[in-house]
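Hi,

Here is the structure I promised to pass on.

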Amino acid sequence: MTTDTARIPLDPPRTPLTRAAGWWSRRTFGAVLDPGAAMAHHPRVLLSQVRYEKSVDRWRRLDPTLKALAVMSAATTIGCSWCLDFGFWESSQRGVDPAKLRDVPRWRDSPVYSDLERRVMAYAEAMTATPPQVTDEMVADLRRDLDDAQLVELTMMISVENSRSRTNAALGLTSQGFRDRCGVPGR
């Protein structure tokens, strides 16, 4: 737990729900996730978020690498170190090239990305800006390679990550050490 920077205690009241959620989180991720610990102060929020994340995890129209790059780009734009840490770990566990994940903050200059991957990251940044900076040209360029369902999933994944990253950043949640478990050297 990264309680030193959190703006809310990460030790919610011990209830049957928080004990069960902690057990599931340790079993699934090897640790109690700080966002879950923070949300456990409001059981309905925690349950709603778990159901939502389980549903989002079943979206499979978009290529996993494109999805990971979009998520990591949004988290980078917002500056959520917790999301970058966990996203790197989760995506590398799912087979996404760690070199691509590692270079997201400098995607414009990195040689590891395809043209489509660059367009996806530019779209994620534009969507994450306040106000959003998405243009008709960006969407038209993406539609050359993505069908309607893939474009909708991409857009929703960026939106989901905006919600995650902004919530975690507002609550002061920072890296929890997941990336260190990957066995991949840092930047």
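**What I found**

Contacts first: of those in the chain with a separation of 6 or more, 71% are between residues 24 or more positions apart, where a contact means heavy atoms within 4.5 Å. Before you go further, keep in mind that this is a predicted model, where local features need pLDDT of at least 70 and side-chain atom pairs count only at pLDDT 80 or more, while totals for chains, interfaces and linings use all residues. Residues are numbered from 1 along each chain as its sequence is written, and side-chain values use heavy atoms, with hydrogens and water left out.

As for the fold, the chain has nine helices and zero strands, so you can read the pattern as α-α-α-α-α-α-α-α-α (DSSP runs numbered from the N terminus: H or I of at least four residues for helices, E of at least two for strands). The C-alpha trace spans about 50 × 35 × 30 Å along its principal axes.

The accessible surface comes to about 9,900 Å², and carbon and sulfur atoms hold 54% of that (Shrake-Rupley method with a 1.4 Å probe; for residues, only the protein chains shown count as cover). There are 26 positive and 23 negative side chains, with the centres of the two sets 8 Å apart. Lys and Arg count as positive, Asp and Glu as negative, and His and the chain ends are not counted; each charge is placed at NZ of Lys, CZ of Arg, CG of Asp or CD of Glu.

Now the part I'd look at on screen: the aromatics. A search of the whole structure turns up eight aromatic pairs (rings of Phe, Tyr and Trp, the last by its six-membered ring, with centres within 6.5 Å; planes under 30 degrees apart are stacked, over 60 edge-to-face, the rest tilted). One of them is W82 with F86, a stacked pair at 5.0 Å centre to centre and 20 degrees between the planes. Both residues sit in helix 5 (residues 81-93), four residues apart, about one turn of the helix, and both are buried. F86 also pairs with F178: their centres are 5.1 Å apart and the planes are at 90 degrees, so this one is edge-to-face. F178 is in the segment after helix 9 (148-170) and F86 in helix 5, so the pair ties together parts that are 92 residues apart in sequence. F178 is buried, as is F86. W82, F86 and F178 belong to one aromatic cluster that also takes in W24, F29 and W89.

A few single spots to check:

- T130 and P131 are joined by a cis peptide bond, with omega about -5 degrees. P131 is in the loop between helix 7 (115-128) and helix 8 (136-143).
- S73, in helix 4 (residues 64-78), counts as buried at 2% relative accessibility. Leaving out residues up to four places away in sequence, S73 touches V104, M121 and A124.
- D141 is in helix 8 and is partly exposed, with a relative accessible area of 31%. Its C-alpha atom is separated by 9.7 Å from that of V120, 21 residues apart along the chain.

Cheers

Key: Buried means under 20% relative accessible area, exposed over 50%, partly exposed in between (1.4 Å probe, protein chains only).
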